[in-house]
Amino acid sequence: MPVEITWWGHATCTIEDSGVRLLTDPLFARRLAHLRRRRGAPPPPAARRADLALVSHLHADHLHVPSLAGLAPGTRLLVPRGAPRAVPALRRLRQLRITEVGVGDEIRVGPLLVRAVPALHDGRRLPLGPHRSPALGYVVEGAARTYFAGDTGLFDEMAAAVGPVDVALLPVGGWGPYLGEGHLDAGRAARALARLAPRSAVPVHYGTYWPIGMGGVRPHEFHTPGDEFVRLAAEYAPHVAVHRLGHGESVRLEVAR
C-alpha cells in the first residue's frame with residue numbers, strides 16, 4: 001500500500017498510511033504575530049480532516065491553538081508532556097482527545113504505531129513563561145516508517161534515537177533571516193539525511209512564513225532552502241530520493257519492506 005505525503009506549508013503535512021490520516025503541527029493562519037504567509041494559499045478546509053494530529057513542540061508556529069480549534073470534534077491530538085500546563089488554552093479544546101507524550105512513548109492508532117522520539121530544540125512556550133515541555137519528533141510506523149522531525153538541530157544520537165525509517169520529513173530552514181541553535185538548515189539537514197538513510201525525503205519548514213517588513217533581508221533564506229537541500233542531499237546521501245513539494249502538492253511513495 002502506498003504512503004502519501006502532502007505538504008501544506010511550514011511544518012504542516014498530511015501523512016496517509018494504511019487508511020489513517022495524520023496531520024503534523026497544524027498551522028492554517030495567514031498571519032501569526034509578526035509573521036505573514038508569503039507563499040502558498042492557506043490549506044483548504046479538507047486539510048483539517050485527520051484521525052490524529054501531532055504537535056512537536058510548544059512554539060506558536062507549531063502549537064497554534066486557533067488552528068487546532070478548527071480540527072473536527074473527536075480528533076486525537078498528541079502533544080509534548082506538560083503542554084496543557086504551559087499553554088492553558090489547550091485545556092479549552094475539549095472537543096479534541098488530547099494525549100500528552102514523552103520520548104519513548106508509543107501510541108496505537110488503528111494499524112499505525114506512533115513513537116515519540118527526541119529533538120534538539122528549545123521546548124519552552126517563549127516568551128510567555130518558564131514551563132518546559134520536551135521538543136519531540138515522531139516516527140509513524142505502518143506500511144512505511146515515516147519520521148516527522150518537527151524542529152530540531154543535528155545531534156550525534158539522531159540515527160539511533162529515530163531508528164530505521166523509510167521516509168523523512170526534515171526541516172531545512174525557518175521563518176526568519178537567521179536560524180538559531182536547535183535548527184536544521186539545508187546543509188545540516190543533508191547531513192542528517194546521510195545519518196538516517198531513508199529511502200525518501202521531503203523538505204519542510206521553509207518558504208512559507210516571513211516577518212512582516214523584512215522581505216528584503218536575506219531573502220534567499222526564504223526562497224532557496226528547498227533547492228539547496230536537494231542539491232546537498234545528492235552530495236551527502238545520493239541514494240535517497242528527495243521530493244521537493246510545492247505548497248499543497250503530494251507525493252505517493254511505494255515502500256517495499
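**Starting at serine 200**

Analyst: Happy to. Serine 200 is part of strand 14, which covers residues 200-204. Keep in mind that this is a predicted model.

User: Is serine 200 buried or exposed?

Analyst: Serine 200 is buried, because its relative accessible area is 10% and the cut-off for buried is under 20%.

User: And which residues does serine 200 touch?

Analyst: Leaving aside residues up to four places away in sequence, serine 200 touches Asp166, Val167, Ala168, Val240, Ala241, His243 and Leu253.

User: How covered is strand 1?

Analyst: Mostly covered: of the 7 residues in strand 1 (residues 3-9), 7 are buried.

User: What about strand 2, how many bridges join it to strand 1?

Analyst: There are 5 bridges between strand 1 and strand 2 (residues 12-17), and these strands run antiparallel too. One of the pairings puts glycine 9 with threonine 12 of strand 2. The two strands form a hairpin with 2 residues between them, and histidine 10 in the turn has a positive phi of about 50°.

User: Changing topic: which residues have the most contacts inside the largest nonpolar core?

Analyst: Those are Leu22, Tyr138, Tyr147, Leu193 and Phe229, in a core of 56 residues. Helix 4 (residues 186-196) gives the largest share of this core, with 6 residues. There is also a second, separate core of 21 residues, with Trp8, Phe28, Val79 and Ala83 among them.

User: Now for charges. How many salt bridges are there?

Analyst: The count comes to 10 salt bridges. One of them joins the side chains of arginine 21 and glutamate 16, at 3.4 Å from N to O. Arginine 21 is buried, with a relative accessible area of 11%, whereas glutamate 16 is partly exposed at 28%.

User: Where does aspartate 105 come in?

Analyst: Aspartate 105 meets arginine 81 in a salt bridge of 2.5 Å, N to O. This pair links distant parts of the chain, 24 residues apart: aspartate 105 is in the loop between strand 8 (97-101) and strand 9 (106-109), and arginine 81 is in the loop between strand 7 (76-80) and helix 2 (83-86). Aspartate 105 is partly exposed at 24% relative accessible area, and arginine 81 is partly exposed at 44%.

User: And what does arginine 244 form a salt bridge with?

Analyst: With aspartate 227, where the closest N and O atoms are 2.8 Å apart. These partners are 17 residues apart: arginine 244 lies in the loop between strand 16 and strand 17, while aspartate 227 is in helix 6 (residues 225-236). Arginine 244 counts as partly exposed at 42% relative accessibility, and aspartate 227 counts as partly exposed at 46%.

User: Which residues do salt bridges that share partners join into one network?

Analyst: Arg145, Asp166 and Arg199.

User: Last one: what else does arginine 244 touch?

Analyst: Besides Asp227, arginine 244 touches Pro203, Tyr206, Gly226 and Val230, not counting residues up to four places away in sequence.

How values were computed. Residues are numbered from 1 along each chain as its sequence is written. This is a predicted model: local features need pLDDT of at least 70, side-chain atom pairs count only at pLDDT 80 or more; totals for chains, interfaces and linings use all residues. Side-chain values use heavy atoms; hydrogens and water are left out. Contact means heavy atoms within 4.5 Å. Buried means under 20% relative accessible area, exposed over 50%, partly exposed in between (1.4 Å probe, protein chains only). Helices (H or I, at least four residues) and strands (E, at least two) are DSSP runs, numbered from the N terminus. Two strands pair if DSSP finds at least two bridges between them. A nonpolar core is a set of buried Ala, Val, Leu, Ile, Met, Phe, Trp, Tyr and Cys residues joined through side-chain atoms within 4.5 Å. A salt bridge is a side-chain nitrogen of Lys or Arg within 4 Å of a carboxyl oxygen of Asp or Glu.
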